[in-house]
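Please look at the sequence and the model together before reading on. The report then goes through the parts one by one.

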Amino acid sequence: MEKDTEMPHYRTPMMLKTDQLTKEGYDAEFRIVEGGLKSFKNNKIYQPNELTIVNHHRFEGITNPDDMAILYVVETKDGQKGTIVDAYGMYSNDDLGAFMKDVTDLSSQGNN
């Protein structure tokens, strides 16, 4: 008799949040590229002044605190809504971090 070695289907908290955001219309996937932040939905490259961070969520790995990530929820001036993920801490993408520092962050306004 052959033993079933398939792992159970586990959805991480970040996957669950991404699924929820997709249902809410945040379905564009973004990546940092040379020249800006690219939407793979319309292939346009955006500059910081063309984006707004609507919200962000931090996640920590289940077994390793080093497995930390940040999920940015963004909207563009031309109506694209989506997400971009970066590692958090020592494994973060320096280019993405520098880019996102120049984007208006609505999630942090009023939290002084």
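## About the model

This is a predicted model, in which local features need pLDDT of at least 70 and side-chain atom pairs count only at pLDDT 80 or more, while totals for chains, interfaces and linings use all residues. Residues are numbered from 1 along each chain as its sequence is written, and side-chain values use heavy atoms, with hydrogens and water left out.

## The nonpolar cores

A nonpolar core is a set of buried Ala, Val, Leu, Ile, Met, Phe, Trp, Tyr and Cys residues joined through side-chain atoms within 4.5 Å, where buried means under 20% relative accessible area and exposed over 50%, with partly exposed in between (1.4 Å probe, protein chains only). The largest such core has 14 residues, of which F30, L37, L51, Y72, V74, I84 and M100 touch the most other members. At least two of its residues come from each of β1 (28–33), β4 (51–60), β5 (68–76) and α2 (94–101); helices (H or I, at least four residues) and strands (E, at least two) are DSSP runs, numbered from the N terminus. Apart from this core lies another, of five residues, including L21, Y26, F59 and L71.

Within α2, the residues L96, F99 and M100 are buried. They lie on the same side of α2 because they cover an arc of only 95° around the axis, the arc being that of the directions from the helix axis to the C-beta atoms. The face turned away from this buried side carries the exposed residues D94 and K101.
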